[in-house]
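Please work through the exercises below with the sequence and the coordinates open. Each task is followed by a solution in steps.

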Amino acid sequence: NKEYDKAIEVLEELLAENPDDGVVLYNLACAKSLSGRADEAIDHLRRSIELEERFRELARTDTDFDPIRDGPTFKDLVG
């Protein structure tokens, strides 16, 4: 999806400038989840949670993660 690809491109540029920005990582995880890039989404979500625990709770109900919600890695990560 071109919409998600553009968002991912912009967020990756922001992440390159601010590699420890939990908000950017979380939003990148959302975009990658929606674009079908589950492994990358999990990696970004994991890092955002390492930086800011609040993202674990947000991810539990965020519909952007519906495409990966049933995966065991996602379940392990968010509890």
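This is a predicted model: local features need pLDDT of at least 70, side-chain atom pairs count only at pLDDT 80 or more; totals for chains, interfaces and linings use all residues.

Residues are numbered from 1 along each chain as its sequence is written, and side-chain values use heavy atoms, with hydrogens and water left out.

**Exercise 1. Helix 2**

Solution. 

Step 1. Helices are DSSP runs of H or I with at least four residues, numbered from the N terminus. Helix 2 covers residues 22-34.

Step 2. A residue is buried under 20% relative accessible area, exposed over 50%, and partly exposed in between, with a 1.4 Å probe and protein chains only. Because 10 of the 13 residues are buried, helix 2 is largely enclosed by the rest of the structure.

Step 3. Contact means heavy atoms within 4.5 Å.

Step 4. Now inspect the two ends. A polar contact is a pair of N or O atoms within 3.5 Å; within protein, one must be able to donate a hydrogen and the other to accept it, and residues adjacent in sequence count only if both atoms are side-chain atoms. At the start of helix 2, a side-chain oxygen of Asp21 comes to within 3.0 Å of the backbone nitrogen of Val23. Just after helix 2, Gly36 has a positive phi of about 85°.

**Exercise 2. Helix 3 and helix 4**

Task: Describe how helix 3 and helix 4 are oriented to each other, and state which residues meet.

Solution. 

Step 1. Two packed helices are described by the angle between their axes and the distance between the axes. Axes are lines fitted to C-alpha atoms, for helices over the stretch in contact, and angles run from 0 to 180 degrees between N-to-C directions.

Step 2. The axes of helix 3 (residues 38-51) and helix 4 (residues 54-61) come within 6 Å and cross at roughly 135°.

Step 3. Angles under 35 degrees count as roughly parallel, over 145 as roughly antiparallel, 65 to 115 as roughly perpendicular and the rest as oblique. Helix 3 and helix 4 are therefore oblique to each other.

Step 4. Helix 3 contributes Leu45, Ser48 and Ile49, which meet Phe55, Arg56 and Ala59 of helix 4. These residues divide into 4 nonpolar, 1 polar and 1 charged. Here Ala, Val, Leu, Ile, Met, Phe, Trp, Tyr, Cys and Pro count as nonpolar, Asp, Glu, Lys and Arg as charged, and the others, Gly among them, as polar.

Step 5. Leu45 has 0% relative accessibility and therefore counts as buried. Beyond its neighbours within four places in sequence, Leu45 is in contact with Tyr26, Ala29, Phe55, Ala59, Phe65, Phe74, Leu77 and Val78.

**Exercise 3. Two loop residues**

Task: Locate Arg69 and Glu52, and list their contacts.

Solution. 

Step 1. Arg69 lies in the loop between helix 4 and helix 5 (72-78). Its side chain reaches the backbone oxygen of Asp62 at 2.5 Å, and a polar contact of 3.0 Å joins the side chains of Arg69 and Asp66.

Step 2. Not counting residues up to four places away in sequence, Arg69 touches Ala59, Arg60, Thr61, Asp62, Thr63, Phe74 and Lys75.

Step 3. Glu52 is in the loop between helix 3 and helix 4. At 26% relative accessibility, Glu52 counts as partly exposed. Apart from neighbours within four places in sequence, Glu52 is in contact with Gly22 and Val23.
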